[in-house]
Amino acid sequence: MEAKYVDIAIVGAGFAGLNLAHAIADSGMNIAVIDKRQRCPDVFRAEKIEPNQAAIMREIGTLQYRTPCFPPVGKTLNISGDSVFEVDTLEQYCMSYGDTVNTLRDNLPANVQCVHETVSEILPGETGKVIFKSGDEVSAKLVVLACGLDIDLVDALGIVRKEHSDLVSLTFGFDIKKRDGADFELNGFNYFLPGEPDKIQYITVFPIGERMRVNLFTRLCRE
């Protein structure tokens with residue numbers, strides 16, 4: 001570990017934290033991105049970049065690091081009940097989350113360093129301190145929390161979360177291919193189940209590079 005004092009410490013080297021690091025890299029400040037993992041594993045998280053997100057990423061120079069770096073999805077088929085219609089997704093891109101995060105890490109500017117440590121505590125103040133389990137620490141003028149589901153750090157700082165226990169959602173992600181190995185004749189489609197408050201809500205099929213991906217969303221409403 002090199003950093004002892006930086007201008008900005010970003011806790012979490014995921015998609016959000018790394019895009020922020022790239023966005024502020026030209027500010028002339030010293031920046032540290034902190035994450036316990038050397039590389040992002042193949043985790044099931046966001047797999048689409050929507051048009052408004054693509055516009056922001058292009059502005060800060062990170063859209064080029066989406067992986068795989070394929071063209072926009074284009075027109076997809078939407079099916080809802082008896083309605084079948086085609087939708088132009090405009091500038092929607094599909095990506096592998098883990099591969100994209102690792103590409104963003106590999107292309108961090110020189111004034112942004114990655115610190116591979118496990119954060120145990122964050123002490124707020126005029127100068128914030130990020131304490132690691134190893135006993136080392138980093139001081140920063142600004143500490144940004146971009147650690148996603150690390151609830152312990154969020155709760156310890158007194159950040160209030162609102163949970164809606166009346167709705168439970170479970171999502172499945174998997175790849176599909178034709179038995180003969182041929183390409184699919186469509187870019188993708190979305191199938192919605194109207195009038196179904198519980199169980200399967202909708203399914204979306206889209207390409208990530210040369211493979212066809214399926215996300216299946218379910219929901220259960222509790223009384």
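The questions below go from the whole chain to single residues.

User: How many helices and strands does the protein chain have?
Analyst: This is a predicted model. The C-alpha atoms of the chain fill a box of roughly 60 × 45 × 30 Å along the principal axes. Of its 223 residues, 35% count as buried. The secondary structure comes to four helices and 14 strands.

User: How many residues does the largest nonpolar core have?
Analyst: Nonpolar side chains tend to be buried together in soluble globular proteins. In this core, Ile10, Leu18, Ala21, Val33, Ile49, Leu63 and Val112 have the most contacts. At least two residues each come from β1, α1, β2, α2 and α3. Apart from it lies another core, of 14 residues, with Ala32, Val130, Val138 and Leu153 among them. The largest core has 22 residues.

User: Which residues does Leu63 touch, not counting those up to four places away in sequence?
Analyst: Leu63 belongs to the largest nonpolar core, and so does Ile49. Ile49 is also one of the residues that Leu63 touches.

User: Which residues of α1 are buried?
Analyst: The cover over them includes β1, β2, α2, α3 and β7. Asn19 lies in this helix. It has a relative accessible area of 9%, under the 20% cut-off, so Asn19 counts as buried. The buried residues of α1 are Gly17, Leu18, Asn19, Ala21, His22 and Ile24.

User: What does Asn19 contact, leaving aside neighbours within four places in sequence?
Analyst: Asn19 is a residue of α1. In the contact of α1 with α3, Asn19 is one of the α1 residues that take part. Its contacts are Met57, Ile60, Thr62 and Leu104.

User: Are α1 and α3 roughly parallel or roughly antiparallel?
Analyst: Their axes are 10 Å apart and the angle is about 25 degrees. Angles under 35 degrees count as roughly parallel, so α1 is placed in that class relative to α3. The crossing is left-handed. The answer is roughly parallel.

User: How do the residues of the contact of α1 with α3 divide into nonpolar, polar and charged?
Analyst: From α1 come Phe15, Leu18, Asn19 and His22. They meet Tyr97, Thr100, Val101, Leu104 and Arg105 of α3. The division is five nonpolar, three polar and one charged.

User: What is the phi of Leu90?
Analyst: Most residues other than glycine have a negative phi. Leu90 lies in the loop between β5 and β6. It is exposed, with a relative accessible area of 59%. Although it is not a glycine, Leu90 has a positive phi of about 55 degrees.

Conventions:
Residues numbered from 1 in each chain as written. Predicted model: local features only at pLDDT ≥ 70, side-chain atom pairs only at ≥ 80, totals over all residues. Heavy atoms only, no water. Core = buried A, V, L, I, M, F, W, Y, C linked by side-chain atoms within 4.5 Å. Buried < 20%, exposed > 50% of the residue type's maximum accessible area, 1.4 Å probe, protein only. Contact = heavy atoms within 4.5 Å. Axes fitted to C-alpha atoms, helices over the stretch in contact; angles between N-to-C directions. Parallel < 35°, antiparallel > 145°, perpendicular 65-115°, else oblique. Left-handed = near helix turned anticlockwise from the far one by under 90°. Nonpolar A, V, L, I, M, F, W, Y, C, P; charged D, E, K, R; others polar.
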